[in-house]
Amino acid sequence: MWHLYQFPICPFSRKVRLLLSEKGIGYELVRENPWEHREEFQMLNPALRTPVLTNPERGIVLIDSRAICEYFEETVDKSPMINGPATNRAEIRRLVALFDENFFASVTSPLLEERMKKRLIYRQPPDGKILRETIRLANDYLDYVDFLIDHRPWLAGSTMSLADLAAAAQISVADYLGGIDWSQHEQARGWYSVFKSRPSFRPLLTERMDVIQPPTHYGDVNA
């Protein structure tokens, strides 16, 4: 059995969970707050970052969401998520990097800092100026999602791919933390609503962080 060390609004853990579920791979969740610096977790990953996926029976420890996803792409044929010809696979990887790196740095990470860490760890109020800038940047990314969905059924092409999983994972955390304004993004909202309705995504919508509650629309598959 696989064990996934994660916390509920870690976007990289969410990406891995989506991929595992889409591929039909069973796993158990292990709650891990990396900021607590547990020695047992540090032994698994000295960088103290989630996700970490282990299979004790087989002596396997996988670290980093991209490495984990690539591992299962190489070892499980069901529901390929880096698919199509070489040009399409390159486009998938480009978009995964865009959301894992750029969106995370500009949107998800500041929101986690201001609305999670400052409340749970530092006991400080969020910085309103940073939040406003983060929401503005999130709108820029949603404009790009609108553009992509205007030209493609899915973000990277004709079928769902790891690009969609990476984007939905990041956006879902930003949405949980109140950083997404859907009012001017019908294409992006329609694409995201499809994800919210998928069996792989529904468990994510039911989980909550301690004392941090999402907006009322967060768990509504029709919103």
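This is a predicted model: local features need pLDDT of at least 70, side-chain atom pairs count only at pLDDT 80 or more; totals for chains, interfaces and linings use all residues.
View 1. Leu-155 belongs to the loop that links helix H5 (128–151) with helix H6 (162–176).

**View 2. The surroundings of Leu-155.** When its neighbours within four places in sequence are set aside, the residues in contact with Leu-155 include Val-145, Leu-148 and Ile-149, together with Ala-163, Asp-164 and Ala-167. Leu-95, Phe-99 and Trp-191 are also among the contacts of Leu-155. For the pair Leu-155 and Leu-95, a separation of 60 residues in sequence goes with a C-alpha to C-alpha distance of 8.0 Å in space.

**View 3. The open sheet of four strands.** The strands of this sheet follow the order S2-S1-S3-S4, and their pairing is mixed. Strand S2 (27–31) and strand S4 (60–63) each have a single partner strand, so that these two stand at the edges and one side of each is left without a neighbour in the sheet. On average, and with direction ignored, neighbouring strands of the sheet are turned by 20 degrees against each other.

**View 4. The pairing of strands S1 and S2.** Strands of a sheet pair through backbone hydrogen bonds, and they may do so in a parallel or an antiparallel manner. Strand S1 (residues 2–6) and S2 run parallel and are joined by five bridges. Within this pairing, Leu-4 has Leu-29 in S2 as its bridge partner.

**View 5. Two helices packed on the sheet.** Helix H1 (residues 11–22) packs on the sheet, where it touches S1, S2 and strand S3 (52–55), and the direction of helix H1 makes about 155 degrees with that of S1. Helix H3 (residues 65–75) likewise packs on the sheet, touching S1, S3 and S4, and the direction of helix H3 makes about 125 degrees with that of S4.

**View 6. The whole chain as the setting for the close-ups.** Of the 223 residues in the chain, 51% are buried. Among contacts in the chain with a separation of 6 or more, 70% are between residues 24 or more positions apart.

Conventions:
Residues are numbered from 1 along each chain as its sequence is written. Side-chain values use heavy atoms; hydrogens and water are left out. Contact means heavy atoms within 4.5 Å. Two strands pair if DSSP finds at least two bridges between them. Axes are lines fitted to C-alpha atoms, for helices over the stretch in contact, and angles run from 0 to 180 degrees between N-to-C directions. Buried means under 20% relative accessible area, exposed over 50%, partly exposed in between (1.4 Å probe, protein chains only).
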